[in-house]
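Subject: Structure handover and findings

Dear colleague,

Please find below the structure I am passing on to you. My findings follow it, arranged by region.

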Amino acid sequence: MTRECAVLLPGVCAALADPRQPGLDDTCLEKLLDWFRSLTWFDPTVELVQDNPCLTELISSVLALPEPSPSILSFTLQLAGILAASENRFQHLQQEKLLGRLFGRDGPRGRAVWEDASVRSGWVKGVHSMVHHQPALHFLCSGGGMDVIFALQGDPSLFVASAASQLLVHMLTFSVESETSKPLSTKDCEWPVCAQMIKKHMEDSLRSGSASHVEQSLKLLTSLFGSCYAAWTEVLWSDIAKQIESFLMEETVQAQHMLANLLLNVARSPVFCDTEGSFWALVTSALEHLTPVQACPLAVGLLKLCKCPQDVRIQALTVLLQPMDCILRAASQPLEYAGLLDESVSDPVTVESLLSSRTSCAGLLCQTLAHLEKLLSLKHLRVDLPYVSLLRSLMTILQFCNGLLSPASPLGSTISRNLINCFRVQKSALDVLAALSEKKGCDTLVESLFDVLLTYLESPNTSPTVLKKAFQATSKWLVRLQELSCSNSQCQQTEKILEDVFVVLQKRLCSPCWEVRDSSLEFLTAMIKCMRDQDGFRQCLLSSEVPRLTENLLEDPESYVRASAVTAVGHLAFVTHFAPESPVAGNQYNKENTIAKLQEILSTDSEGFPRRAVISVFTKWLREGCTGQLEDTEQFVSRVIQTVEHDLDWEVRLGGLELVEVFSSQTICQLGLSECPYAPVSSAVPSSSPQNQLLRVFCRAKLFGFLFRSLCDCDKPVGQRACDILIGLRGNFYPMSTLENPQEIEDSPAGRGIAWLQRTLRQGSLAQTFPTDGGNGVDFQDPESMMVALGAVDLLELHDELNKSSDHVEESPQSLLQDIIATVGTVEENEVDCY
């Protein structure tokens with residue numbers, strides 16, 4: 001602790017213990033506790049409490065209050081626990097007779113203030129902090145503390161109950177690992193006292209027949225096996241496994257829904273990887289006896305495990321696919337296609353009854369589809385999924401949902417009625433459909449698949465959110481289709497599908513619903529990104545009305561749509577304007593017209609989204625070399641940054657800096673400087689040298705004025721990016737070790753202006769006004785002045801300042817203590833509420 005903090009601490013403690021003072025903000029108290037945690041973390045000595053007696057005085061004063069504030073009492077309990085975390089300080093607080101009055105039988109748990117959840121939470125947190133040595137364990141076990149923790153497992157406050165459960169996990173782990181001289185390897189081993197109490201409590205609760213007690217113990221075990229992988233957990237499991245198995249067999253037990261998480265955590269533990277038979281037999285039993293909704297998360301978790309036995313993995317996959325199998329079998333009568341499964345793990349009637357119920361049908365399918373999407377995203381899946389049957393099942397679900405399938409079977413008719421216009425299931429099915437586009441073997445169904453997708457794209461009943469998902473799935477499958485198009489027949493099929501897609505897209509771009517217009521533009525952009533080099537795609541696009549309609553949407557009344565239109569137009573330009581042989585007539589006029597429209601949006605649009613989109617498009621064009629020769633690009637960049645630097649949206653200004661960064665790196669490469677970025681050059685370099693040419697290009701484009709002004713931007717990310725760019729640029733003119741001599745700078749013609757520039761930059765965003773070029777003698781378009789400026793300004797020091805956290809001063813412990821004293825002040829000052 002610093003001397004300044006030690007001086008302030010007594011005043012803070014006195015204010016906290018004074019019942020007349022208004023309560024402190026909880027955030028301040030949390031910060032104070034964090035400070036004490038950091039103080040005590042590496043220092044177990046007793047000096048902290050001996051040298052600062054105000055700490056024990058604070059605890060005594062709060063305990064002496066007849067009605068302490070719950071927040072202050074909670075703070076005191078947590079503070080005492082933090083201090084008592086070291087054995088030395090624990091003994092000191094015991095000698096002061098404080099710990100018994102806080103955490104023992106004489107503590108707050110017998111008083112009215114205990115009814116406040118924050119006090120109970122503070123008690124649990126304090127105990128958790130304290131239990132890091134054996135004397136603390138013995139204190140709790142002998143002082144009735146264990147019974148309190150057991151009771152708090154069922155606390156009405158979920159925060160308190162969860163904290164109590166986590167505390168018991170910590171105590172059990174710590175007790176076994178610190179008090180056991182030899183490893184626990186058999187049932188006959190002697191468990192330490194504290195561990196024995198917790199273990200007995202868990203076993204008694206599991207056998208109690210009380211649903212709440214069983215649930216508490218299952219939560220505790222789930223947390224334990226999820227965090228502790230010590231060998232002794234196998235001994236604990238062997239003592240409770242039979243009881244867990246009985247829960248699976250008893251349909252009356254309400255805690256079955258918790259068994260999946262418990263078994264999954266045990267399965268993840270390396271301790272159980274090589275367990276012979278018994279554990280995995282229990283897992284198999286769980287997959288059979290849990291309901292499909294309960295078993296599904298367990299099945300997915302098992303499929304992700306490396307060391308799960310193959311037979312268990314196949315069984316888990318069967319559980320997961322059972323609802324999809326049921327859908328496929330219900331769709332046709334007699335069976336037109338085989339289902340996904342040869343045999344099922346549990347009774348198919350259970351799944352059929354869930355899908356037959358309107359209330360459970362959508363829930364079961366959404367859960368199954370969400371898990372399938374996660375599995376499909378895995379790079380290494382240790383079991384083969386039947387992709388073709390899965391795709392057919394997804395198509396069936398989507399047809400059920402829009403009423404286009406009339407199954408002959410009674411079950412199929414019921415499921416169809418349950419799913420009609422079910423948006424949740426439609427969205428989930430389309431997500432899985434999109435994920436399947438990357439899997440092999442589904443090629444034979446492509447034509448039927450696009451029939452289903454086009455139905456969704458065309459239908460007026462498709463909701464905007466479902467349409468967005470349908471567009472995303474369609475764009476992925478179109479890319480897949482292009483990869484498959486080899487033969488003439490497939491090319492014709494692809495061309496026909498593309499024509500149908502563009503007909504639908506034309507209608508959707510004219511939709512009265514702005515979400516639909518927005519999704520349509522996003523879909524167009526996604527297609528161009530993936531397929532702009534494909535001749536068939538380009539021809540379909542350019543022969544449609546889509547380019548014209550897209551440009552019209554640059555004037556859409558909705559800003560999100562304008563932004564998406566800007567992005568789409570930017571990507572369209574790669575097909576219409578920047579292609580080597582663009583088929584569009586009047587290409588040069590169209591190109592200039594498009595650029596003019598986007599520049600107008602950048603300078604006049606009232607919303608930030610479209611302006612951000614424009615600067616992003618311009619940067620992409622520049623990065624891909626689409627803005628012409630160096631002179632044209634120079635003028636283009638200059639016009640853009642002069643517009644951007646006055647923009648009120650900091651993200652637009654940041655985008656302008658990204659444009660400058662791309663332009664500068666491209667210019668450096670074109671002038672042949674990229675191979676030797678740190679070649680030294682004086683301010684008197686020949687006018688023909690590459691460095692001097694570079695300097696002139698940057699000055700003509702007005703880059704330096706934009707960059708130096710950005711250093712003082714009120715939004716820190718802008719200043720940081722500008723500083724990074726300037727440091728990178730400086731390396732092309734000065735080696736890192738030989739910057740300009742300060743005395744030479746003062747004597748140079750630009751010296752006074754550069755000195756002003758340095759003073760202004762030191763003020764950072766506090767500089768109210770940053771004069772335009774020529775103000776105070778700084779000419780940002782003069783190559784010689786900018787050469788001097790790059791050498792004179794300490795950009796590295798500025799970089800450090802800009803990258804400092806804004807709270808590096810305000811969040812110091814000293815500042816925190818000063819803030820607390822200033823906040824509480826005196827009673828008289830706080831008697832009148834200034835608000």
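I begin with helix α42, in which Ser815, Leu816, Leu817, Ile820 and Val824 are buried. Please bear in mind throughout that this is a predicted model. Helix α42 covers residues 813–824, twelve in number, and spans 17 Å from its first C-alpha to its last, close to the 16 Å expected at 1.5 Å a residue. As a general point, an α-helix has 3.6 residues a turn, so residues three or four places apart point the same way.

Overall composition

The chain contains 43 helices and zero strands. Of its 835 residues, 54% are buried. When contacts between residues at least 6 apart in sequence are considered, 72% of them link residues at least 24 apart.

Helix α13 and its two partners

Two helix pairs that share α13 deserve attention. In one of them, helix α11 (residues 158–179) packs on helix α13 (residues 211–227) at an angle of about 55 degrees, and the axes are 9 Å apart. The two helices are therefore oblique to each other. The crossing of α11 past α13 is right-handed. On the α11 side, the contact involves Ser165, Gln166, Leu168, Val169, Leu172 and Thr173, and these meet Lys219, Leu220, Ser223, Leu224 and Ser227 of α13. Sorted by class, this contact of α11 with α13 comprises five nonpolar, five polar and one charged residues.

In the other pair, helix α12 (residues 193–207) and α13 have axes that come within 8 Å and cross at roughly 135 degrees. That angle makes α12 oblique to α13. Here the crossing of α12 past α13 is left-handed. The residues that α12 brings to the contact are Ile198, His201, Met202, Ser205 and Leu206, while α13 contributes His213, Val214, Ser217, Leu218, Leu220 and Leu221. The contact of α12 with α13 has seven nonpolar residues, four polar and no charged. Leu220 of α13 takes part both in the contact with α11 and in the contact with α12.

Helix α16

Helix α16 (residues 278–289) has twelve residues and reaches 16 Å between its first and last C-alpha, close to the 16 Å expected at 1.5 Å a residue. Its buried residues are Phe279, Trp280, Leu282, Val283, Thr284, Ser285, Ala286 and Leu287. These buried residues pack against four helices, namely α14 (232–249), α15 (256–268), α17 (292–304) and α18 (310–330).

Individual buried residues

Isoleucine 59 belongs to helix α4 (residues 54–64). With a relative accessible area of 0%, isoleucine 59 is buried. Beyond its neighbours within four places in sequence, isoleucine 59 is in contact with Thr76, Ala80, Leu83, Leu98 and Leu102.

Serine 74 is part of helix α5 (residues 70–83). Its relative accessibility is 8%, so serine 74 counts as buried. Leaving out residues up to four places away in sequence, serine 74 touches Ser118, Val119 and Gly122.

Serine 559 lies in helix α30 (residues 559–576). Serine 559 is buried as well, with a relative accessible area of 8%. Residues up to four places away in sequence aside, serine 559 touches Glu607, Phe609 and Pro610.

Loop residues with positive phi

Most residues other than glycine have a negative phi. Two residues are worth checking against this background. Lysine 97 is not a glycine, yet has a positive phi of about 60 degrees. Lysine 97 sits in the loop between α6 (87–95) and α7 (99–103). At 62% relative accessibility, lysine 97 counts as exposed.

Asparagine 421 likewise has a positive phi, near 60 degrees, in a residue other than glycine. The loop that holds asparagine 421 runs between α22 (410–419) and α23 (423–436). Asparagine 421 counts as partly exposed, at 45% relative accessibility.

Yours sincerely

Note on methods: Residues are numbered from 1 along each chain as its sequence is written. This is a predicted model: local features need pLDDT of at least 70, side-chain atom pairs count only at pLDDT 80 or more; totals for chains, interfaces and linings use all residues. Side-chain values use heavy atoms; hydrogens and water are left out. Axes are lines fitted to C-alpha atoms, for helices over the stretch in contact, and angles run from 0 to 180 degrees between N-to-C directions. Angles under 35 degrees count as roughly parallel, over 145 as roughly antiparallel, 65 to 115 as roughly perpendicular and the rest as oblique. A crossing is left-handed if the near helix is turned anticlockwise from the far one by less than a right angle, and right-handed if clockwise. Contact means heavy atoms within 4.5 Å. Ala, Val, Leu, Ile, Met, Phe, Trp, Tyr, Cys and Pro count as nonpolar, Asp, Glu, Lys and Arg as charged, and the others, Gly among them, as polar. Buried means under 20% relative accessible area, exposed over 50%, partly exposed in between (1.4 Å probe, protein chains only). The expected span of a helix is 1.5 Å times one less than its number of residues.
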